[in-house]
Amino acid sequence: MWFDEEYKYGIATKNIPLSPFERKEIEGILNEQGIGFFCLEERGIMNSVFTSIPIYLNPEIISLIINGLMMPAFYDVLKHAIHIMASKISMRVHKNDPSESGAALKFKIGEADIHAEIPSNLNNEQFSSYMDMIANTVSILSKSDENIKKNRQQLFLMYNYDKEIVEIKSIQEYADIQKNRKKL
């Protein structure tokens with residue numbers, strides 16, 4: 001597993017701009033609920049359509065979300081910790097567009113890689129609502145299409161501000177959106 005073997009559930013991230021105190025705070029919040037937290041530091045040139053720092057959720061957490069087995073307190077702690085990380089990333093990462101947070105959730109459903117950008121400047125209530133939309137979309141994805149579980153593909157969950165929903169995009173649609181953003 002990619003996190004400490006002592007925890008069944010885990011969150012990992014790389015290149016997250018947190019101070020040692022902030023890392024300990026997030027680690028403490030998560031460890032109280034039996035969730036491991038692991039930070040990777042990766043140096044080198046990154047060349048991809050991804051403009052955000054990923055927060056990886058392990059398959060066990062995704063399974064709990066999909067099956068609706070997460071206790072409300074456990075789920076609230078998870079949302080709170082992810083909100084802290086996303087806020088810190090948003091404050092410290094150089095972004096061309098101020099509406100971008102610079103943070104994203106990254107996880108797998110079966111063989112499909114899922115990337116969900118986190119919108120910036122969300123208060124606690126908005127962030128909680130956004131995470132609930134992500135959880136509902138993930139649940140629908142996992143139940144509706146066996147093709148997603150069997151074929152290796154990349155899907156992107158993006159918040160549509162006009163419709164106030166989370167939409168599922170293919171890698172080509174996501175690349176086109178990123179290309180159009182850079183033109184503006």
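In the predicted model, glutamate 22 has a relative accessibility of 8% and therefore counts as buried, the cut-off for that class being under 20%. Glutamate 22 lies in helix α1. Its side chain comes to 2.8 Å from the backbone nitrogen of serine 19. When residues up to four places away in sequence are set aside, glutamate 22 is in contact with Pro17, Lys88 and Arg92.

Helix α1 spans residues 20-31, 12 residues in total. The distance from its first C-alpha to its last is 16 Å, close to the expected 16 Å at 1.5 Å a residue. Glu22 is one of the buried residues of α1, together with Ile26, Ile29 and Leu30. These residues lie on the same side of α1, because the arc they cover around the axis is only 95°. Pro20, Phe21 and Lys24, on the other side of α1, are exposed.

The largest nonpolar core of the model consists of 48 residues. Helix α3 makes the greatest contribution to this core, supplying 10 residues. The residues with the most contacts inside the core are Ile11, Ile82, Met85, Leu105, Phe107, Ile118 and Leu157.

Terms used
Residues are numbered from 1 along each chain as its sequence is written. This is a predicted model: local features need pLDDT of at least 70, side-chain atom pairs count only at pLDDT 80 or more; totals for chains, interfaces and linings use all residues. Side-chain values use heavy atoms; hydrogens and water are left out. Helices (H or I, at least four residues) and strands (E, at least two) are DSSP runs, numbered from the N terminus. The expected span of a helix is 1.5 Å times one less than its number of residues. Buried means under 20% relative accessible area, exposed over 50%, partly exposed in between (1.4 Å probe, protein chains only). The arc is that of the directions from the helix axis to the C-beta atoms. A polar contact is a pair of N or O atoms within 3.5 Å; within protein, one must be able to donate a hydrogen and the other to accept it, and residues adjacent in sequence count only if both atoms are side-chain atoms. Contact means heavy atoms within 4.5 Å. A nonpolar core is a set of buried Ala, Val, Leu, Ile, Met, Phe, Trp, Tyr and Cys residues joined through side-chain atoms within 4.5 Å.
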